[in-house]
Structures are given as C-alpha cells and as structure tokens.
Amino acid sequence: MALHSSSGFDRLATSLALASAALCLPAWSQQGDGTNVPIRTAVFKPDKVAATPERIGQLRSPPGFAVNVFAQGLKNTRILAVAPDGTVYVSRRDQGDVLMLRDTDGDGRADGVPVQVATRAGAHGLAIKDGKLYLATVKEVFVATIQPDGLLGPLEMIIGDLPDAGQHANRTLAFGPDGMLYISVGSTCNACNETNPENATLLRASADGKSRTIFATGLRNTIGFDWQPGTGELWGMDHGIDFLGDEVQPEELNRIEKGKQYGWPHIWGDGGENPQSTPVGDITKSQWRELSTPMVLGYAAHAAPMQMVFYQGTNFPAAYRGDAFVTMRGSWNRNPASGYEVVRVKFANGQPLGFEPFLAGFLTDGGRTHMARPVGLAVAKDGALLMADDANGVIYRVAYNGTGARAQPGAPAPAAAMLAQAGRGIGVPLAMLRDETRGGTSGLGLSAPSFAANGAMPQRFSEYADGVSPALSWTAVPQARSYALVLEDPDAKPITPFVHWVAWNIPGTMTALPEGLQEQPRLTEPDGLLQGRNSRGSPGYYGPRPPVGDPPHHYHFQVFALDTMLSVPPGAERDEVLAAMKGHVLAKAELVGTFAQSVRPPK
C-alpha cells in the first residue's frame with residue numbers, strides 16, 4: 001500500500017486522512033475486523049498562475065496539432081456542449097449560468113462577447129437533443145428549446161428530486177444511442193454506505209423526466225462518460241477514493257452496463273480493498289469483491305477525470321476515429337501532482353488499449369504551479385477539440401494542421417447494446433406463471449394484516465409516503481427449507497412487469513415478515529435473508545409509485561416455498577433468482593393489493 005514512517009510529515013498526513021474521514025462519516029457504524037493499515041498521504045495543491053501567451057505557447061500536443069485560445073476571461077467554465085449548427089454552450093458552476101459562444105467567421109475563435117442564455121444556481125451538466133438544451137443542477141434537470149439565434153426559450157424543470165449533494169455535487173448529462181437521458185450522480189462522501197440508493201450511480205431517465213431507474217451503482221463520481229461509436233457500449237471514468245496514498249487508488253475506466261456494481265465504497269480498481277469502510281448486512285469485503293465489476297484500465301491516482309468524449313469529427317487523423325479523450329482536472333491528494341492534462345484513450349475493435357498524453361503543459365514550474373484545470377471537453381462542428389478550464393476561464397481549441405488522411409464521418413453509435421440491456425426482464429409473465437416456478441401446490445396461504453386481497457394498500461407502503469414494506473404472513477410448509485418472495489406490477493409502463501421486491505433465503509422456520517424491512521442486499525434480522533435489485537435498480541423493497549391519475553395498479557405479492565436454500569448472490573435480479581428456484585418449488589401463493597395516487601403530493 002504505502003510506506004509507514006514515524007516522521008512528522010507522515011504523522012501529520014495520517015491525521016489529515018483521519019480528519020477527512022471524520023467529515024464523511026459512514027451511514028452505518030464501523031465494526032472492528034482486525035484492519036491495521038498504515039497510510040502515507042499528502043495534500044498538495046499547485047498554485048495557480050496566469051494563462052499568459054508565453055505559457056500557452058509551451059503547451060504540448062502530438063506533431064501536426066496546433067493549440068489556440070477559443071475564448072478567455074470566462075471564470076469558472078465547466079461542461080461544454082456543441083449544437084449541430086456549431087454553437088458552443090458552456091456551464092459556469094460558480095456563476096450559476098450557461099454562456100453561448102459562436103465562431104461565425106471560422107477563424108477558430110469565438111466572436112465578440114459571450115451571451116448568457118440561462119441562469120440556475122449550480123448550473124453544471126449540459127446535453128443537446130432534438131433542438132433542446134438540457135441543464136443539470138444539483139437536484140434538478142431543466143430543458144429549453146434552442147431558438148434559431150442560439151438563445152433559449154423558457155427553462156422547464158423536468159426533474160426536481162435528484163439526491164442532495166455533499167462532496168460530489170456536479171451532475172452531468174448525456175443522451176445515449178437509445179434516446180434515453182443518462183445522469184451521473186456522485187457520492188456524498190469520500191467512502192461511505194450511502195442512505196440514498198441514487199447516490200454514487202448512473203441514472204437512466206426518459207427525455208421528459210417522467211421515469212428513471214438506476215442503471216449502474218458503485219460509481220463514486222463518474223462525471224465523464226460516452227458511448228463507443230463502433231459498438232454502442234457505454235464507457236466512463238470514475239474518480240478514485242482519496243486518502244489511500246499517492247498511488248492508490250487509480251482512476252478507473254469502466255465499461256458500464258445495466259445492473260452492475262463497480263466496487264465503491266469497499267472495493268477499488270481490479271480488486272483492491274478500502275481499509276476504512278465496512279459493508280452493511282455482515283457482507284464481507286471478499287464477498288463485496290465478488291459482487292463488483294473490476295475496472296478495465298487504470299490511470300494515475302487522484303488525477304480527477306472529468307468530461308469524456310469519443311472522437312467522431314473529421315479534423316483529426318483517421319487513426320483517432322473511435323478513440324476517447326478525457327480531461328484530467330488534476331490532483332490535490334498526492335505529491336507529485338497528477339493530471340492537469342487531456343489524455344487520449346486508444347481503442348481497437350471497441351476495446352481500450354491504454355492511455356497516452358494528448359494535451360499537456362498546464363502543470364508549470366516543475367509541477368509547483370498550474371495554469372489550467374481541464375474540465376469541459378467537446379468536438380466542435382469543424383472537428384477541432386474544445387477544452388474548458390475552470391481555473392483561469394479559458395476555452396482552448398486543438399486542431400490538426402498536418403498532412404495525411406483525416407477521419408471520415410461515421411454513423412452514430414448503434415443503439416442495440418443499450419436496448420438489449422434495458423430490455424432484460426421486460427414483457428415476461430408474472431413470476432407465478434413462469435416455467436421456473438412450475439410445480440408445487442397452491443395451499444400456501446398468504447395474507448397481509450394491513451390490506452385485504454384485491455383491496456387498496458395503505459398510503460404508507462407507497463413511495464408517495466413512507467415507502468415501507470408491508471407485513472406478510474403465510475401458512476407453514478413442513479418440508480420448506482426456505483421461502484422466496486417476488487412483488488410485481490403488471491400495469492406499469494414502460495417496464496412491464498415492474499419488479500418492486502425480490503427476496504430469498506427467508507428461513508424455512510419463518511411464516512411471516514414484519515413491516516419495514518431494511519432496504520439492503522443482506523439482512524441480519526431475519527439473519528441471512530437476501531434481497532435483490534428491483535426495477536428501480538435498488539436493493540430491497542420499492543413501494544408503489546404509479547403516475548398521478550392512473551387507474552389503480554395491481555401489486556402481486558408472490559411467495560414460494562422451496563426445498564433448498566438458493567446459491568444466488570445478494571443484489572441479484574429477479575430472473576437469476578427464478579432460474580435458481582426451478583425444480584425446487586414446493587408450494588406458492590399470491591396476494592394482490594391495489595394502489596392509485598389521485599392527487600400530486602405537495603413538494
């Protein structure tokens with residue numbers, strides 16, 4: 001991990017690490033497990049210097065490329081987006097607005113004075129789709145029509161309940177090839193067990209914001225993500241955990257897929273353990289590692305990856321088509337500093353080969369100072385690469401002026417990969433009617449003390465209120481070694497049926513579940529009960545949340561008596577659990593409750 005020393009610096013560094021951890025308290029108390037890991041760390045923040053013409057002239061890029069200033073004096077420029085007509089939009093988080101810039105004469109420099117086109121506190125993520133600009137703040141997503149002159153129509157809020165922030169408040173947006181809006185929501189802390197399952201995730205939402213699910217979890221802060229144009233697969237760069245040492249942990253390049261968990265906060269990189277954290281539900285770190293998808297490639301620790309884009313322009317040499325670029329804002333938690341550059345991620349046959357520097361020299365004076373912290377990244381209409389710096393407020397332009405074949409226009413990333421992932425488990429029969437649950441008797445009586453069969457479920461069980469699971473009871477089956485439960489809504493759209501709850505390895509000695517079970521992959525009471533991923537993408541129970549004004553939806557509680565305990569990992573999806581149940585069903589029962597929300601709840 002790192003060297004242990006009794007020097008004053010090391011003692012101070014360790015104290016700083018402990019102080020930082022104290023500011024990010026875990027949602028669950030730490031438990032003693034024998035961990036004893038000395039860590040040497042550093043807080044080193046290179047000082048900022050002006051972006052003078054002399055320093056800009058010393059920037060380094062591959063042969064044939066030229067760097068110039070597209071715009072400057074813009075203060076805290078963050079995320080870039082380019083409209084089909086070439087209009088450039090950039091968010092400024094500290095100023096709480098979005099600026100519009102245009103290059104009408106094609107000289108590679110923005111015309112005149114930037115125009116402020118939107119104002120919202122904490123403005124950050126940007127995306128453009130079908131003539132509309134989407135803007136993310138900490139908790140909201142807004143949309144506005146782009147007018148012919150590049151100005152925006154009125155901003156309309158389409159999402160207003162993203163998780164609150166904390167350490168990582170910078171939401172980012174991008175539309176996938178499937179037409180869905182993907183939203184990155186970072187963790188509230190350095191390393192903790194989040195209480196809101198939407199933190200440390202990538203969300204997938206409809207363009208109108210009316211529905212959203214958790215696409216992937218265990219992502220500490222994946223600000224930059226994009227789709228490989230050849231395969232349509234989603235790739236992202238995740239920020240590693242702080243205060244584990246100068247070389248730990250690496251920044252992660254991940255292939256992001258629906259339902260997968262990427263390790264944070266307990267496992268990092270390709271299997272490294274975070275010594276500070278404790279998984280909930282008596283899950284060990286070895287078990288958490290088995291549940292996690294390792295990174296594909298790692299980059300220098302603490303470099304802080306920001307916006308990411310696959311190159312599909314026509315200005316760069318042909319060898320660059322299909323490669324990715326990532327801004328590395330730069331470290332504060334290692335010495336010497338890392339990042340402060342733009343890197344190229346070379347791809348071949350849809351797979352990454354490695355990182356290489358593309359635009360460097362922002363770290364100056366031997367690494368003691370910096371003149372830029374790269375954040376925003378976008379391909380301009382002419383194929384040049386634009387990079388936004390949030391330290392001195394400069395937008396840089398990198399263009400190829402050399403010889404040789406240029407990249408040719410390519411088709412948009414195909415949607416098949418994302419659609420296939422999103423379509424898993426949709427359009428299938430209810431669990432009671434699946435081939436996997438054939439057999440057994442129907443004599444397993446199932447009831448709930450709070451609602452009758454086919455009766456209305458009380459409000460507290462819905463996500464419009466408390467969102468707690470209802471108490472259930474059933475008739476004992478003598479030979480049962482365990483019970484499993486599946487709750488589905490066949491009236492939901494577009495996910496039909498919508499899975500609200502999957503639980504298994506309920507001890508065979510039990511004939512009831514209490515109200516309000518913990519919403520986590522493994523429970524300690526009842527001990528060993530495992531819960532899976534619902535259609536929202538979170539573990540455990542997710543209550544009814546039908547659209548306001550819909551007719552009552554029907555919620556099918558289905559309990560199965562099994563002759564075995566299931567060897568299915570916690571957090572699994574319904575279909576994996578049903579596959580393991582096949583041939584083991586002794587008895588089954590169903591209880592249907594209804595729920596409708598007639599009025600919109602107060603904000």
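The cut-offs I used are under 20% relative accessible area for buried, over 50% for exposed and partly exposed in between, with a 1.4 Å probe and protein chains only.

I am reading a predicted model, where local features need pLDDT of at least 70, side-chain atom pairs count only at pLDDT 80 or more, and totals for chains, interfaces and linings use all residues. Residues are numbered from 1 along each chain as its sequence is written, and side-chain values use heavy atoms, with hydrogens and water left out.

**Entry: the whole chain**

I began with the secondary structure and found five helices and 39 strands in the protein chain. The radius of gyration is 26 Å, close to the 25 Å from the globule rule for 603 residues, so the protein chain is as compact as a globular protein of that length. That radius is taken over C-alpha atoms, and the globule rule is 2.2 Å times the number of residues to the power 0.38. Helices (H or I, at least four residues) and strands (E, at least two) are DSSP runs, numbered from the N terminus.

I then noted the span of the C-alpha trace, about 80 × 65 × 45 Å along its principal axes. Of the 603 residues in the protein chain, 57% are buried. For contacts (heavy atoms within 4.5 Å), I looked at those with a separation of 6 or more, and residues 24 or more positions apart account for 65% of them.

**Entry: the disulfide**

How many disulfides does the structure hold? I found one, taking a disulfide as a pair of cysteine sulfur atoms within 2.5 Å. Cys189 and Cys192 form it, with their sulfur atoms 2.0 Å apart. The torsion about their S-S bond is about -85°, so this disulfide is left-handed. Cys189 counts as buried because its relative accessibility is 3%, and Cys192 counts as buried because its value is 6%.

I wrote down a cis peptide bond between Val248 and Gln249, with omega about -5°. Gln249 sits in the loop between β16 (234–238) and β17 (251–256). I also have a cis peptide bond joining Asn335 and Pro336, with omega about 15°.

Pro336 is in the loop between β22 (324–328) and β23 (341–348), and Tyr340 lies in the loop between β22 and β23 as well. Tyr340 has a positive phi of about 60°, although it is not a glycine. At 2% relative accessibility, Tyr340 counts as buried.

Back to Asn454, where I started: its phi is near 65°, a positive value in a residue other than glycine. Asn454 is placed in the loop between β30 (446–447) and β31 (455–456).

**Entry: Ile495**

Which residues does Ile495 touch, not counting residues up to four places away in sequence? I listed Thr213, Ile426 and Ser535. Ile495 itself is in the loop between β33 (482–489) and β34 (498–507). I also checked Gly467, 28 residues from Ile495 along the chain, and their C-alpha atoms are separated by 20 Å.
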